[in-house]
Amino acid sequence: MIVTIPMKNIPRLPKDLFDGVADDVVVVDTGNYYPQQRDGRIDPIEQGTTESRWVATQLRRPVVKAFNNIYARHLLERGKPRGASGRIALPVAGDDQRAKDVVIRLLDQIGFDGVDAGGLDESWRQQPGTPVYGTDHDAAGVRKALAEAKPARTAAFKAGEAASAGRR
Ligand SMILES: NC(=O)c1ccc[n+]([C@@H]2O[C@H](COP(=O)([O-])OP(=O)(O)OC[C@H]3O[C@@H](n4cnc5c(N)ncnc54)[C@H](OP(=O)(O)O)[C@@H]3O)[C@@H](O)[C@H]2O)c1
């Protein structure tokens, strides 16, 4: 299952969304937190919880973070066969290796390499503002970009006064 709605609407999803869904069904979170343009302030994320850890907590279900760093249109248009030069790679973060492997196989089937990006608490490395975000690197480039990421959110992706003011 792919959860791909604006982050601010995640808490409004039905509480029984996963009732009857088997535990081995992989849930993928594609989300990105845009406090200034769209989502408003989400305090746990501002305080350092990774976006996907917050989503997993809201959903009460483990998630794999993937697809978040590529434009949707590029997913449609830029896939290449396995082994092709310059094949775009996408980072895949999560705490369950089997679930990550399922997502990496799915990526391969639709024309992309998957790069294991560690556990969900490491997934800040692929959040908005990081070197891998929106850059369409190949696998070596993704590994380098993940290694070079800094944990602090960039100013463009922190809640500003306007975002906080909206909640008062
Ligand atoms: N667009 C991209 O290129 C891209 C790439 C990577 C990651 N992302 C991330 O993926 C997430 C979704 O992005 P998007 O561009 O697809 O957003 P979007 O176009 O604004 O919304 C996608 C869908 O979410 C549905 N939705 C919104 N609230 C809902 C709710 N409470 N319950 C059920 N469905 C709901 C909307 O359905 P209705 O129209 O029926 O309201 C809409 O079809 C965001 O976090 C975004 O940052 C986007």
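The largest pocket of this predicted model has a volume of about 260 Å³, where a pocket is an open set of points on a 1 Å grid over the protein atoms alone, with protein on both sides within 12 Å along at least five of seven lines. A volume is the space filled by probe spheres set on the points, which are joined across faces, edges and corners. The model is predicted, and local features need pLDDT of at least 70, side-chain atom pairs count only at pLDDT 80 or more, and totals for chains, interfaces and linings use all residues. Residues are numbered from 1 along each chain as its sequence is written, and side-chain values use heavy atoms, with hydrogens and water left out.

The largest pocket is lined by 15 residues (each with an atom within 4 Å of a point), and Thr 4, Thr 30, Gly 31, Asn 32 and Arg 38 lie nearest its centre. This lining comprises 9 nonpolar, 5 polar and 1 charged residues. Ala, Val, Leu, Ile, Met, Phe, Trp, Tyr, Cys and Pro count as nonpolar, Asp, Glu, Lys and Arg as charged, and the others, Gly among them, as polar.

Of its 14 lining residues, Asp 23, Val 25, Pro 62, Asp 96 and Ala 99 lie nearest the centre. The lining of this second pocket holds 7 nonpolar, 1 polar and 6 charged residues.

A search of the whole structure found 1 cavity of 30 Å³ or more, a cavity being a set of points where a 1.4 Å probe fits but cannot get out. About 70 Å³ of space lies within the largest cavity. Its lining consists of Ile 10, Leu 13, Pro 14, Lys 15, Leu 17, Phe 18, Gln 58, Leu 59 and Arg 60, with 6 nonpolar, 1 polar and 2 charged residues.
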